[in-house]
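Student: I would like a close look at a single part of this model. Please keep it brisk.

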Amino acid sequence: MVPLFLVVFVAFLVSLSIALNLYTEFLWFESLNLGSVFIAILYYKVILFVVFFVIALALLSLNRFAIQKASYEFGEQYKLPFWLDLSLALIVALLFSRMWLQYVYFTNSVDFNLKDPIFGLDVSFYVFKLPFIQTILSFFIILLILAVLISAAYYTLTFGRVKSFDELRDLFPQAGYIHISLLLAGIFVLIAIYFYFARFDLLTSPHGAVMGAGYTDVYVRLPAMGLIVALSLLFAVISVYLGYKQNLEMMPVILIVLAAVIFLSIVVVPAVVQKLNVEPNELVKEEEYIRHGINFTRFAYGLDIEKMYYSAENNLSVDTIERNRGTIDNIRIWDHRPLLSVYRQMQQIRTYYFINDVDVDRYHIDGKYTQIMISARELSTDLLSPRAKTWLNEHLIFTHGYGVVASPVNSITKEGLPDLIIEDIPPKGKIAIERPEIYYGELTTNYVIVKTTQKEFDYPLGEGNVLTTYNGSGGVELDSYFKKLIFSIKFGDIKFLLSDYITTESSLMYHRNIIDRVSTIAPFLMYDRDPYIAAINGKLYWIIDSYTTLDKFPYSAKYPTFNYVRNPVKVFVDTYNGTTEFYVVQEEPVIRVLMKAFPDLFTAGEMSEEKRAHIRYPIDLFEVQAQIYATFHMDDAKTFYNREDVWEIPQEILEDERIEMEPYYVVLTLPESHEPEFLLMFPFTPKGRDNIIAWMAARCDGDYGELRLYEFPKGQLIYGPMQIEARIDQNAEISQLFTLWGQVGSNVIRGNLLVIPVENSILYVEPIYLRAENAQIPELRGVIVVYEGVLVMRPTLDEALIAVFGEEVKAEKVVQEESIQDLVDLSVELYNRALEEARAGNWSGYGDAIKRLGDVLTKLNQTVGGY
């Protein structure tokens, strides 16, 4: 009784834990008005579990019945326990119910309207139906293996003492013969079914010149699999017949024959044909299948790219520069890596605030289309002092971050720092932010309770703090003792019940990390590594790119775990209320399946213009497409086979290291356009060489998602990033300057080298930063511009352009020859900044401002002395 009681008690606790988790998650979904999505996901999981459990229990019970029938005939009374079948059925059902997403795809399948070239089936069969069919097949194989093991164990224990085969044949009951023959027949039938559906897996075979069925697969393996199917079904019939005849002596021979046929026809013969027939004539034999691989891979990765000619005329002039001010004024001279250090030192304000990363977006600033760098100022309770890490502080008081920091990509102050257009707390600047609180972000991993009798910390002000009470709709309401109880159990925290701060008006916020949040809502999507924040109509939103992926797309190359990808959904998360909107921007087949399965989750065609203005083509997807296209841009099968025109991702120098170049956002006027637009671009180099051969762009504005490739003239040398880096290293003046800076204890940081297309010409720009030995803030100290044979470095981009083109470039620029008045103004600015930092308690910032003030006063003294 004691073991049974313990089993029941443990089962009760497990069931209670599952029920508790389901109910609290349902409350969370309901708080987002997505309860129907939770119910739909639960339905798919439960229905699959129930079906698998019933079938597993039925088949295992049938096997137990057959064993017991044989036992009765033999005169034994051994009974297999029912709990064994029940336990095994439960385990198997739990394992296979995890494949619920395959069931979603199977039941909601839609056509791609693209047929494979071998079987003539729509691609939807391979990606939506075949995986679930194979899962069902695996389910039955597992059940058959369990049945065989149980039967073998029973018959061995029962008849193991029989000393001779003849005695065993006389004693073994007829029901036992029939049982074993049926198990063997089941094995043969499953082998037949397995090889029947394995034929379709040849379309993702790695054996040929490309991923997919090649010559040997089509002409050798495919017929061989058909033969194995026929033989297996024949042997299944024979095994049943022999069982009824109580003559199973031939079964080992049959199993050996089938194994030999499988080995010879699937392994040996194809290898011989491949070696002797295909490899000597591989291009001729595989050409047709190579074309399939090129076409299907391009389709699977969305590489419907418009190829265009880029003449590379190199005819830039002052007039050209002025005509393309939209491009020139948005050249990114602030690399996100050193800029992150600057933002952290200048704008984290307090030790508990943290700027996690820097993102790129575009806004209209002072009537100009401007590319900016922007970062969220989040609050991390991990950064609180040890003494301040109390339950009250971590969960009720320090609940949210505050505001953002932003600066144009090309603007600097006289001190070589970014020219902030949003700064400080409360945020002030050129972009209005009416709701700066960040309750949901990348660092918000703990739960918080809002609308309590304890005021929340809002933001620091001078020597004190401004407090607030949450006034939004986020969180699950704690409006009953029961909810407090269940969340107390869920989070293992009895303070939910004991704290007087929590009232029936309070709300609990959890799943506050934005990736965890969207993954909980829609676990069937993949999410981008770099969510970015945007200020839209006075509110802050996180924008997350989400992807649909498949791994069974016919004839498509893998990268490395999937071979189909799209970016059909943009997710917007409100930083204050946590509302999460899944906007469909591309109705491709996978998302159409998911929209059928979860109709209340997705919003199609209703994104506001203000939100649409901030979506961008994701770097993660663009990198994947670039890697694939570097090989699959070749149209001709012969060229592809010989790898005659393979491209590579170029490299560049960042600080002192040689790294692979990243795609970068730019504002460009494309050759066929008249207005500057926001693009993501990337150059290509030929394999093993450093010159540029083409550049690819993804449009982010009007024709969102359109890919274009601009190819340079064959035979014309267009310098690549590493060739430009080499020219910089060989420039005597620049090298001497870098050496001089290094000798006085400063660290030279070389930023991203940007390849900027301007009216059928190419301009190269690389920013140079300087970080003092004991300082954390890197300063922009120069911009290198390279055009044709000219290479110059000047303090600003505009001055570098003047030096390159030899004439005055009309633009707003930083004046480097400081007058006495300039130095006086800068001294006053630094003095005021020092006072502000002191009032804010930021003594590191105060010390930095005082040090800079001393440098400026020294320079002012030298300047006055010169007069």
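Student: Is H511 buried or exposed, and what is its relative accessible area?

Tutor: A caution before the details: this is a predicted model. H511 has a relative accessible area of 18%. The cut-off for buried is under 20%, so H511 counts as buried.

Now its place in the chain. H511 sits in the loop that runs between strand 14 (507-509) and helix 17 (514-521). Its surroundings come next. Setting aside neighbours within four places in sequence, H511 is in contact with E25, W28, D516, R517 and T520. The side chains of H511 and E25 make a polar contact at 3.0 Å.

H614 is in the loop between helix 19 (609-612) and helix 20 (619-632). H614 is buried, and its relative accessible area is 7%. Not counting residues up to four places away in sequence, H614 touches D361, R362, Y363, Y532, A534, A535, I536 and I543. For a sense of distance, take R833. H614 and R833 are separated by 219 residues in sequence and by 33 Å in space, C-alpha to C-alpha.

Last, a helix pair. Helix 7 (residues 174-201) packs with helix 8 (residues 215-244) at an angle of about 170°, and their axes are 8 Å apart. Angles over 145 degrees count as roughly antiparallel, so helix 7 is roughly antiparallel to helix 8. The residues of this contact comprise 21 nonpolar, five polar and one charged.

Key
Residues are numbered from 1 along each chain as its sequence is written. This is a predicted model: local features need pLDDT of at least 70, side-chain atom pairs count only at pLDDT 80 or more; totals for chains, interfaces and linings use all residues. Side-chain values use heavy atoms; hydrogens and water are left out. Axes are lines fitted to C-alpha atoms, for helices over the stretch in contact, and angles run from 0 to 180 degrees between N-to-C directions. Helices (H or I, at least four residues) and strands (E, at least two) are DSSP runs, numbered from the N terminus. Angles under 35 degrees count as roughly parallel, over 145 as roughly antiparallel, 65 to 115 as roughly perpendicular and the rest as oblique. Ala, Val, Leu, Ile, Met, Phe, Trp, Tyr, Cys and Pro count as nonpolar, Asp, Glu, Lys and Arg as charged, and the others, Gly among them, as polar. Buried means under 20% relative accessible area, exposed over 50%, partly exposed in between (1.4 Å probe, protein chains only). Contact means heavy atoms within 4.5 Å. A polar contact is a pair of N or O atoms within 3.5 Å; within protein, one must be able to donate a hydrogen and the other to accept it, and residues adjacent in sequence count only if both atoms are side-chain atoms.
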